[in-house]
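The sequence and the structure come first, and the description follows.

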Amino acid sequence: MKLSGPAAARFPSAPDKALAGALIYGEDGAEVSARRDRLRDAILGGAADADLLLTRLDAGEVRREPALILDAMKARGFFSGRQVVTLDNATDGLAGAIEAALGEAGPEDAFLVVTAGALQKRSKLRAVFEAARNAAAAPVYSDAGGPEALRLMMDEQGLERAEDGAMALLQTCAAGMDSGTMRDFLRRLALYRLDEPGPLREADVRACAPDALSADIDALLDSVLLGAAERLSPALRRIETQGEGAVAVVLAAQRRFADLHARTTGGGGRPLFGAAKDMMDRALRRWGQAEAEAALRHLFETDLALRGPAGAAPFALLERALMRLALLPRPR
């Protein structure tokens, strides 16, 4: 069974326990591990003896002895309750052994949780789980700032309610973070809000946000949108010295330009307030729909180049791309 989008993100917290197993895979290793742990805990159901119901398999050992998977799933312990078998860092070389184990799995057998890195569409491992009737493939997308992913992470930390301004600021913060960093930030935010009634406020987010990095990325993207090309190099140097990656900056730029594009087409865009709204209004006087679409295509190509084989220095490539965008639209 193939899951995608919101269904893939929700699955680890509310899995179909009638299944025999699931594959969680993606480039974001921290988020893959976090979803594996949520799925494991959901299957075990908070059992006091959870550690005794869990079997961890090593991918290297399984490659040498493929039968270990089925043996672990069929094993019976001294404690009642559904058991879980985890297999991390799986590759296509294990597809045959996993397919055989799932084919013989029964309702009383352990639930198999397999994790992997990024897998291509033609991956044999993906194909096994996507084609199986008793298993699911749940990809992890590197998008901490998407509304669905952000809301799920907030729910995990008990942050079910938030004012519009708080949500808008959280999305801005998430645009420059990977999922693991965003989850840590939300954990700190939940502790800050502990036992405080009412919805999450913008002031709460600002009190806990990593202000320096978030502000520098915002300033960089403001400069691009307003055509202030002379500000790009200093802003990028500050971001690079703080340890941020070029891919994270491109993701933040994609989100900002997607918001801009939505506004040029009358599609709305995320809620903005105060200075952020004023800045976007100024940007809309420079950018039209065609220019915004061209910018998004260019950012997509830049993202692919940054993730591809090592070539030019990442921030040098990023600087050229953003400089081109800053000079792209004509003032209107």
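In this predicted model, Asp-88 counts as partly exposed because its relative accessibility is 24%, which lies between the 20% limit for buried and the 50% limit for exposed residues. Asp-88 forms a salt bridge with Arg-36, with the closest N and O atoms 2.8 Å apart. Since Asp-88 lies in the loop between strand 3 (84–87) and helix 5 (95–104), whereas Arg-36 is in helix 2, the pair ties together parts that are 52 residues apart in sequence. Arg-36 also meets the side chain of Asp-37 in a salt bridge, and a network of salt bridges links Arg-36, Asp-37, Arg-40, Asp-41 and Asp-88.

The search of the whole structure finds 20 salt bridges, and three of these pairs are set out here:

| Pair | N to O distance |
|---|---|
| Arg-183 and Glu-31 | 2.5 Å |
| Asp-88 and Arg-36 | 2.8 Å |
| Asp-37 and Arg-36 | 3.0 Å |

The largest nonpolar core has 33 residues, of which Leu-220, Phe-257, Leu-260, Leu-318 and Leu-322 touch the most other members. Among the elements that give two or more residues to this core are helix 11 (211–226), helix 13 (246–264) and helix 16 (314–326), and helix 13 provides the largest share, seven residues.

How values were computed: Residues numbered from 1 in each chain as written. Predicted model: local features only at pLDDT ≥ 70, side-chain atom pairs only at ≥ 80, totals over all residues. Heavy atoms only, no water. Core = buried A, V, L, I, M, F, W, Y, C linked by side-chain atoms within 4.5 Å. Buried < 20%, exposed > 50% of the residue type's maximum accessible area, 1.4 Å probe, protein only. Helix = DSSP H or I, 4+ residues; strand = E, 2+ residues; numbered from the N terminus. Salt bridge = Lys/Arg side-chain N within 4 Å of Asp/Glu carboxyl O.
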